[in-house]
Number of protein chains: 4
Amino acid sequence: MANEIKKIGVLTSGGDAPGMNAAIRAVVRTAIYNGVQAVGVMRGYNGLINGDVIPMDLRSVSGIIHRGGTMLYTARCQEFKTLEGQKKAADFCRSTGIDALVVIGGDGSFRGCKDMAAQGIPCVGIPGTIDNDIACSDYTIGYDTAMNTAVEMIDKLRDTTQSHDRCSVVEVMGRNAGYLALNTGIACGAVVTVIPEVPCDIDRDIVTAMQETRSTGKKHFIIIVAEGVGRAHDFAEIIEKKTGIESRATVLGHVQRGGSPSLRDRVAASRMGYHAVQLLLAGQYNRVVAEKGQDIVNYDITEALTMNKVMDPELVKIAQVISI
Amino acid sequence: MANEIKKIGVLTSGGDAPGMNAAIRAVVRTAIYNGVQAVGVMRGYNGLINGDVIPMDLRSVSGIIHRGGTMLYTARCQEFKTLEGQKKAADFCRSTGIDALVVIGGDGSFRGCKDMAAQGIPCVGIPGTIDNDIACSDYTIGYDTAMNTAVEMIDKLRDTTQSHDRCSVVEVMGRNAGYLALNTGIACGAVVTVIPEVPCDIDRDIVTAMQETRSTGKKHFIIIVAEGVGRAHDFAEIIEKKTGIESRATVLGHVQRGGSPSLRDRVAASRMGYHAVQLLLAGQYNRVVAEKGQDIVNYDITEALTMNKVMDPELVKIAQVISI
Amino acid sequence: MANEIKKIGVLTSGGDAPGMNAAIRAVVRTAIYNGVQAVGVMRGYNGLINGDVIPMDLRSVSGIIHRGGTMLYTARCQEFKTLEGQKKAADFCRSTGIDALVVIGGDGSFRGCKDMAAQGIPCVGIPGTIDNDIACSDYTIGYDTAMNTAVEMIDKLRDTTQSHDRCSVVEVMGRNAGYLALNTGIACGAVVTVIPEVPCDIDRDIVTAMQETRSTGKKHFIIIVAEGVGRAHDFAEIIEKKTGIESRATVLGHVQRGGSPSLRDRVAASRMGYHAVQLLLAGQYNRVVAEKGQDIVNYDITEALTMNKVMDPELVKIAQVISI
Amino acid sequence: MANEIKKIGVLTSGGDAPGMNAAIRAVVRTAIYNGVQAVGVMRGYNGLINGDVIPMDLRSVSGIIHRGGTMLYTARCQEFKTLEGQKKAADFCRSTGIDALVVIGGDGSFRGCKDMAAQGIPCVGIPGTIDNDIACSDYTIGYDTAMNTAVEMIDKLRDTTQSHDRCSVVEVMGRNAGYLALNTGIACGAVVTVIPEVPCDIDRDIVTAMQETRSTGKKHFIIIVAEGVGRAHDFAEIIEKKTGIESRATVLGHVQRGGSPSLRDRVAASRMGYHAVQLLLAGQYNRVVAEKGQDIVNYDITEALTMNKVMDPELVKIAQVISI
């Protein structure tokens with residue numbers, strides 16, 4: 001059965017993330033290594049509906065492992081949300097000999113996988129998002145790069161924050177999840193990190209924390225705010241009013257989505273891309289590849305979409321203890 | 001006459017800029033090399049009013065050439081704006097044997113120099129600001145680092161802008177001057193750069209430019225907006241409405257002020273710090289050190305403050321020609 | 001029993017690694033948070049023998065989380081290798097009230113821990129080395145930064161390698177282990193990575209691989225050589241002779257040891273430093289903190305030193321498959 | 001006369017340098033803006049001999065301004081060194097309608113321009129080399145990026161050098177010129193920088209300098225050695241023997257040639273590319289574009305090749321004074 005896959009399509013969907021190109025490269029190379037053809041589907045599920053695909057050979061993925069963004073582009077696709085659109089996409093696959101799909105993206109993209117699977121096209125999902133908000137996987141492609149980008153920017157901000165004895169309130173990405181914010185906060189020595197998973201009382205958790213730290217001699221402060229909890233400008237205004245310390249807001253923004261992927265993202269993407277193709281070749285369809293500790297594992301897509309991820313309470317504790 | 005300088009104070013004032021530490025280091029080392037003592041004045045002119053100075057030896061400026069910010073901190077000083085404050089500062093210098101000051105900062109800081117000079121304390125100014133808005137000097141310390149920081153951030157932003165076929169409107173610093181924005185725009189391949197020195201008609205200069213470039217096949221766009229011309233969010237909103245291209249605003253913010261100084265800033269700061277002390281030792285008081293082409297020159301402070309800087313019209317032209 | 005620890009000494013030993021400062025900071029802050037004093041021991045075990053220690057308060061570890069190297073310095077210590085030296089070190093601890101030690105370093109440093117433990121001073125080790133060659137832990141502090149530094153340098157090298165249609169042979173660190181080399185090779189798209197753990201036949205594994213890849217259109221090549229397998233210059237010479245492709249050697253060298261730690265190293269160091277102190281406070285002595293998957297665990301020092309680490313054969317396979 | 005140019009060829013020759021792509025882009029865009037066709041000549045003069053050229057439109061230079069290396073590749077060309085080869089190249093230009101050439105490279109490339117000019121093909125040269133060793137121009141494309149790359153690497157090296165109280169001897173590029181080394185030395189706070197232009201007595205200039213600096217409390221040392229003066233390993237060996245300070249050599253190597261160009265290189269390349277085309281369009285043939293202070297100027301190629309560049313003695317002095 002496994003041998004029936006002769007051509008694999010690969011697409012990226014949802015928000016882009018650094019390392020997606022490395023994953024595409026691994027999918028294409030692993031397919032060709034195993035005697036299977038590869039095609040690139042442009043702009044997410046749109047490419048299946050519009051018939052916008054490109055043949056991929058070994059060299060078409062040369063020189064991309066270190067590039068941010070996605071060489072296959074990405075876009076939302078309204079039409080694919082309809083059953084008609086899904087049928088059209090599946091028909092396109094069948095008519096052009098695309099036997100299976102590898103989809104790199106987040107939960108929304110995986111729901112698209114389920115839809116394609118329902119139309120008879122085997123799929124494997126690879127978690128790619130800077131937010132690390134995919135429940136089944138410890139790790140998602142792009143997460144490490146985005147955090148390092150945030151850290152580098154905040155390190156620069158620290159220079160000027162310190163020179164002026166100020167407080168900088170920095171809004172980082174992460175959608176509704178605080179993983180990116182919490183780890184960035186630990187790495188930057190933020191005095192406080194506000195995340196959606198932990199309720200924050202401004203007086204107790206921010207103002208008092210700043211005052212206590214100030215009493216030990218510290219004169220400048222970095223505060224990280226996850227985008228899911230509110231706007232940095234609002235926090236800065238309140239903090240300045242309550243503490244009397246000049247406070248400035250910075251929104252790191254979409255810069256966090258781009259840039260050359262870190263080693264971790266390139267390696268994770270390479271491993272996941274390799275595994276995705278191996279699954280298809282082994283006849284294991286409609287799975288999501290995931291990182292579990294040091295290992296690459298996989299889950300049924302439907303099961304993966306029902307899982308929950310929990311913020312490690314000890315990490316929250318550590319962030320507090322070492323920021324004093 | 002020149003030999004009467006036995007102790008030099010150095011301070012940083014106004015907004016901080018990468019390379020200020022390299023300038024402090026050069027001032028201290030050149031002074032000591034010439035048998036003159038050096039003291040660091042903390043938090044700009046405040047240090048002279050509060051008596052907050054630290055003795056500096058060769059090693060107190062070790063390990064700082066590559067650090068952003070300023071080890072002497074910086075702050076506004078209301079009291080120094082009064083004649084009384086200036087007298088107090090000058091009295092402090094006299095009572096502690098500070099024979100002359102080197103002041104690193106912008107035009108506001110140089111006006112402080114004039115005030116100190118009026119009180120009998122010889123001064124030399126060193127242009128330090130990321131905005132490059134000091135008329136007498138081709139170059140100001142921090143300018144190159146700030147632009148490279150902006151460029152690196154926009155290069156990352158380009159990845160995600162391109163992956164999504166979007167338009168990114170990026171607001172960069174520069175106060176009322178467009179130098180930082182224009183050069184950043186050229187370096188990032190911005191399709192349009194809006195600066196205070198050149199009037200901008202949104203329809204003609206932005207919308208039409210984007211449409212013409214789009215007609216040649218380009219699908220993503222970077223637009224740079226100098227902070228002096230308005231808010232990136234407003235531009236993005238108008239552009240999206242007029243072009244139909246999804247447009248996102250990013251405000252690079254204070255990240256541009258920090259970070260390890262670039263080679264150019266370290267070398268310029270080293271040369272300027274050296275020259276500032278040489279001027280004082282040669283009895284040439286109340287001057288501003290400046291870069292003119294490849295050379296380090298100097299001007300009378302009063303004269304320097306009356307000079308005007310003009311945006312190179314050819315550079316504006318080049319930005320347009322090569323962005324098509 | 002646990003409560004008897006009133007003062008903890010922290011030292012870094014062996015080769016330095018980025019993130020050691022973050023670990024020191026976590027140790028000091030966690031100790032103080034728990035009402036325990038902290039002292040920094042200078043230059044590894046030398047500080048215990050020479051009595052070179054510094055008291056650490058909350059602010060003495062401010063502004064170091066993002067600094068490479070180690071603020072406590074590091075050095076070999078011949079005297080400590082003798083029983084007499086160990087007694088002297090233990091006596092110093094007892095006479096100055098240092099109740100326990102946290103030692104950040106590699107296997108050699110942990111053997112020092114055992115020696116101190118034998119003299120009655122409780123110790124906890126934290127794995128800190130860029131080589132990732134500590135058997136009990138999936139991860140060692142500094143590893144991620146060193147690899148990212150190598151990757152960034154090789155990315156630059158790729159530009160010139162490609163522009164000239166050359167082969168670059170790059171020697172990376174890792175001592176006798178190939179972890180750093182293999183992951184760097186995957187991340188850089190190296191056509192071949194030579195590591196100590198896998199025998200390499202130059203004709204079959206390098207020359208043929210290059211020729212096959214060249215036949216698909218590739219004209220430039222990156223080859224990674226772990227320091228444990230020989231010199232890059234020798235490989236480059238042989239490769240050029242056998243393939244006719246101009247080949248240049250680059251030895252990345254000690255640059256890989258320095259630089260601001262990556263997010264991963266800062267977070268791992270923060271977690272490990274926190275855990276090390278928690279172990280001491282809980283009366284769990286003579287342990288090594290380790291990362292196991294997502295978790296921080298710990299092992300008996302003697303047991304840890306007898307463990308073996310095995311290179312993941314699948315990772316070796318992936319490196320080959322996706323480099324074609 | 002000026003109007004007779006209808007098609008311009010652009011090529012890169014000699015060693016590659018970051019910013020060459022930005023120059024190519026500016027040449028192509030300026031040509032097209034002025035209604036002139038552009039073609040890219042592959043692999044230096046080889047492309048003219050082998051007929052390996054590619055048509056360039058506006059979009060063929062999209063997305064390259066931030067890329068290191070050269071999209072047109074570069075290579076030595078033995079055949080072009082013969083008169084016959086030059087005739088062949090000129091014939092190719094005539095037969096394919098290439099009316100003029102823009103050549104980006106160093107002195108060797110400019111001698112090729114002279115040869116093409118002798119065959120009746122108008123040329124303009126653009127200085128592109130990381131060595132800054134082109135006499136007529138204050139600045140050459142790639143110089144700033146290479147120095148910043150060196151500085152970043154040495155900053156990392158400093159961390160480990162300092163942690164171990166060592167001396168690091170760093171060999172940087174620059175061929176027979178010391179510009180890159182001297183500026184890098186100033187920017188890194190090197191205690192000594194050895195360049196070809198200034199004789200060096202190891203005892204007096206290195207050993208004594210280190211000892212004097214050590215007497216003020218400094219324990220680690222960075223020494224920069226230009227490649228034109230000898231091998232870092234030899235210096236390190238002698239220094240360790242004479243001072244007793246552990247000394248390690250690092251050869252930064254070809255990493256310095258690559259990487260994303262700095263803002264300065266992108267802007268200089270954009271301006272020079274623009275000017276090169278303007279010269280051709282104005283009928284000013286066989287010139288070299290050059291930077292003089294803030295201005296872009298140009299010289300007759302023959303004259304340019306006879307000019308000499310002199311190391312600024314004050315910069316040498318500054319390097320010494322501020323390194324104490």
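Predicted model: local features only at pLDDT ≥ 70, side-chain atom pairs only at ≥ 80, totals over all residues.
1. Helix H6 of chain A (residues 179-188) packs against helix H9 of chain C (residues 263-281) at about 80°. Their axes lie 9 Å apart. H6(A) and H9(C) are therefore roughly perpendicular to each other.

2. Now the residues in that contact. From H6(A) come A:Asn183, A:Thr184, A:Ile186, A:Ala187 and A:Cys188. They meet C:Leu263, C:Arg266, C:Val267 and C:Ser270 of H9(C). By class, the contact comprises five nonpolar residues, three polar and one charged.

3. How is chain A related to chain C? Chain A superposes on chain C by a rotation of 180°, with 0.0 Å of shift along the axis and an RMSD of 0.0 Å. The two copies are thus related as by a two-fold rotation axis. In chain A, the C-alpha nearest that axis belongs to A:Gly293, at 1.7 Å.

4. A separate point concerns chain B. B:Asn21 sits in helix H1 (residues 20-33) of that chain. Is B:Asn21 buried or exposed? Its relative accessibility is 3%, so B:Asn21 counts as buried; the cut-off is under 20%.

5. The side chain of B:Asn21 reaches the backbone oxygen of B:Gly69 at 3.3 Å. Leaving aside residues up to four places away in sequence, B:Asn21 touches B:Ile64, B:Arg67, B:Gly68, B:Gly69, B:Thr70 and B:Met71.

Methods
Residues numbered from 1 in each chain as written. Chains lettered and ligands numbered in written order. Heavy atoms only, no water. Least-squares fit on C-alpha atoms with pLDDT ≥ 70 in both. Axes fitted to C-alpha atoms, helices over the stretch in contact; angles between N-to-C directions. Helix = DSSP H or I, 4+ residues; strand = E, 2+ residues; numbered from the N terminus. Parallel < 35°, antiparallel > 145°, perpendicular 65-115°, else oblique. Contact = heavy atoms within 4.5 Å. Nonpolar A, V, L, I, M, F, W, Y, C, P; charged D, E, K, R; others polar. Buried < 20%, exposed > 50% of the residue type's maximum accessible area, 1.4 Å probe, protein only. Polar contact = N/O pair within 3.5 Å; in protein donor to acceptor, adjacent residues only side chain to side chain.
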